[in-house]
Amino acid sequence: MEKRRCNPNGAGHLIKLALHSPGENRPPYPQTLVEVMESLVPKAACNQHLLNILRAYIFPVPLQPQPGQQEIRQHLRQALQPEEEKYLDIILTILEGMKAVIEYQKLQSPEELDSYLQAQKELFGRSLLKKAGRPKPGRTGKTF
């Protein structure tokens, strides 16, 4: 499945941040968030209630109470297994980073966040390949 590129300048209204009609075929959580949770804390990644709280934290909905960092820390601590608690600060840092990107880029949906982060990942990969003197993926023998 091809990921669509994010256009932060074409973002819609603020109310679209976390709301969408029930029949829409859109992921309720940023795929990046799910992947981070599955990588670090697989059992907590299955906790839909926790994922809803985390989504509300990074994509606040106007006129609805949003959880604060202390509340997020408490929910995570309750959801994590004792051996997973070492990842608590890492997860919180990633959430803060996502929140900062969303605010700075004025992203409106989980799809836009995923697209933006995928584009940054690809840009970083091309930068590493360029520094290593290797050709870019998809380009046969050409280095720019």
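Let me start at the loop between H5 and H6, where we find Lys106. Helices here are DSSP runs of H or I with at least four residues, strands are E runs of at least two, and both are numbered from the N terminus. Lys106 is exposed, with a relative accessible area of 55%. For accessibility, buried means under 20% relative accessible area, exposed means over 50%, and partly exposed is in between, using a 1.4 Å probe on protein chains only. The phi of Lys106 is near 55°, a positive value in a residue other than glycine. As background, most residues other than glycine have a negative phi.

Before I go on, a word on what you are looking at. This is a predicted model, where local features need pLDDT of at least 70 and side-chain atom pairs count only at pLDDT 80 or more, while totals for chains, interfaces and linings use all residues. Residues are numbered from 1 along each chain as its sequence is written, and side-chain values use heavy atoms, with hydrogens and water left out.

Now the overall picture. The protein chain has six helices and zero strands, and buried residues make up 32% of its 144 residues. I'll be talking about contacts a lot, and contact means heavy atoms within 4.5 Å. Of the contacts in the chain with a separation of 6 or more, 60% are between residues 24 or more positions apart.

So which residues have the most contacts inside the largest nonpolar core? They are Met37, Leu54, Ile58, Ile72, Leu76 and Leu95, in a core of 29 residues. H1, H2, H3, H4, H5 and helix H6 (110-132) each supply at least two residues of this core. By nonpolar core I mean a set of buried Ala, Val, Leu, Ile, Met, Phe, Trp, Tyr and Cys residues joined through side-chain atoms within 4.5 Å.

The arc is that of the directions from the helix axis to the C-beta atoms.

H4 has Ile72, Leu76 and Ala79 as its buried residues. They cover an arc of only 65° around the axis, which puts them on the same side of H4. On the face turned away from that buried side, H4 carries the exposed residues Gln70, Gln74 and Gln78.

Leu50 lies in helix H3 and is buried, with a relative accessible area of 2%. Leaving aside neighbours within four places in sequence, Leu50 is in contact with Met37, Ala44, His75, Leu76 and Ala79. With the same exclusion, Leu54 is in contact with Leu33, Met37, Ile72, Leu76 and Leu95.

Finally, how do H3 and H5 meet? The axes of H3 (residues 48-58) and H5 (residues 88-105) come within 9 Å and cross at roughly 40°. Those axes are lines fitted to C-alpha atoms, for helices over the stretch in contact, with angles from 0 to 180 degrees between N-to-C directions. On the residue level, Leu54, Tyr57 and Ile58 in H3 meet Leu95, Glu96, Met98, Lys99 and Ile102 in H5.
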